[in-house]
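Hello,

I am handing over the structure below. My notes on what was found in it follow.

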Amino acid sequence: MALTKKIQMQDDVFSGISAVFAVASGLGDTLSFANATEFPVSDDSGFNFDTGQPSIEHFKVKGLNTDWVNTFTPGDGEITLEIPCHNTGILTLVGMEGTDVSVTLPEGMSSVGTAATGKAYPVTQKAVYLGLGILNDTEDKLLFIKKSKFMAQIIFDGSNKPLCVVLTGSIAAGGDAKAIGICTIARSGNG
């Protein structure tokens with residue numbers, strides 16, 4: 001086996017995010033993003049992915065400073081997306097079904113008008129499966145997660161952040177040989 005130096009690995013770095021795409025029900029065996037929806041995720045902590053830190057059980061014996069034996073328990077992975085948007089298509093994709101509503105406002109409540117229309121949602125959480133594709137900042141690498149299970153919540157805390165849909169979940173196809181992947185994108189004639 002030949003010596004591998006770090007300079008040879010410089011192109012193997014996945015850094016930054018330029019786009020996040022989601023596919024309803026997860027990616028099939030063809031790993032196609034043909035029916036994907038792009039999620040506008042927050043720049044600051046809008047996407048977090050962790051396959052889970054394992055825990056270690058140590059067993060010691062007197063007179064020995066190292067473990068006599070130890071066991072490992074796999075960690076619990078987690079994926080979080082913060083989507084600063086209440087687009088009805090995205091809400092439907094993440095399991096929130098809305099009902100059309102009209103609201104009448106008294107004169108003077110809003111300087112814009114007295115009628116509001118939109119969608120109303122029940123405050124229930126429903127699990128959904130999504131496949132995810134994340135492009136790095138130069139769009140020449142793709143991180144994909146074949147199938148994740150999420151629950152959505154709506155958050156608005158009155159700070160400088162807009163109303164956000166936050167998805168919290170984990171990898172649902174962890175045992176699949178193609179559960180996650182990091183790919184280099186082949187340059188086409190356009191770029």
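A salt bridge here is a side-chain nitrogen of Lys or Arg within 4 Å of a carboxyl oxygen of Asp or Glu. By that rule, a search of the whole structure gives five salt bridges. Please note that this is a predicted model.

One of the pairs is Glu-82 with Lys-161, whose closest N and O atoms are 2.9 Å apart. Glu-82 belongs to strand S6 and Lys-161 to the loop between strand S10 (141–155) and strand S11 (164–171), so the pair ties together parts that are 79 residues apart in sequence. Glu-82 counts as buried at 12% relative accessibility, whereas Lys-161 is partly exposed at 38%. The side chain of Glu-82 also makes a polar contact with the side chain of Ser-42, at 2.7 Å. Leaving out residues up to four places away in sequence, Glu-82 touches several others, including Pro-40, Asp-44 and Cys-164.

Another salt bridge joins Asp-100 and Lys-119 (3.0 Å, N to O). Asp-100 is in strand S7 (residues 99–104) and Lys-119 in strand S8 (residues 115–120), so this pair links parts that are 19 residues apart in sequence. Asp-100 is exposed, with a relative accessible area of 60%, and Lys-119 is partly exposed, at 38%.

Lys-60 pairs with Asp-67 in a salt bridge, with 3.1 Å between the closest N and O atoms.

Separately, Phe-59, Leu-64, Trp-68 and Val-69 form a nonpolar surface patch, together having about 420 Å² of accessible area. Phe-59 lies in strand S4 (residues 55–59) and is partly exposed, at 47% relative accessible area.

Regards

Notes
Residues numbered from 1 in each chain as written. Predicted model: local features only at pLDDT ≥ 70, side-chain atom pairs only at ≥ 80, totals over all residues. Heavy atoms only, no water. Contact = heavy atoms within 4.5 Å. Polar contact = N/O pair within 3.5 Å; in protein donor to acceptor, adjacent residues only side chain to side chain. Patch = residues over 30% accessible without salt bridge, like charges linked within 9 Å, V, L, I, M, F, W, Y side chains within 5 Å. Areas by Shrake-Rupley, 256 points an atom, 1.4 Å probe, with all protein chains shown as cover. Helix = DSSP H or I, 4+ residues; strand = E, 2+ residues; numbered from the N terminus. Buried < 20%, exposed > 50% of the residue type's maximum accessible area, 1.4 Å probe, protein only.
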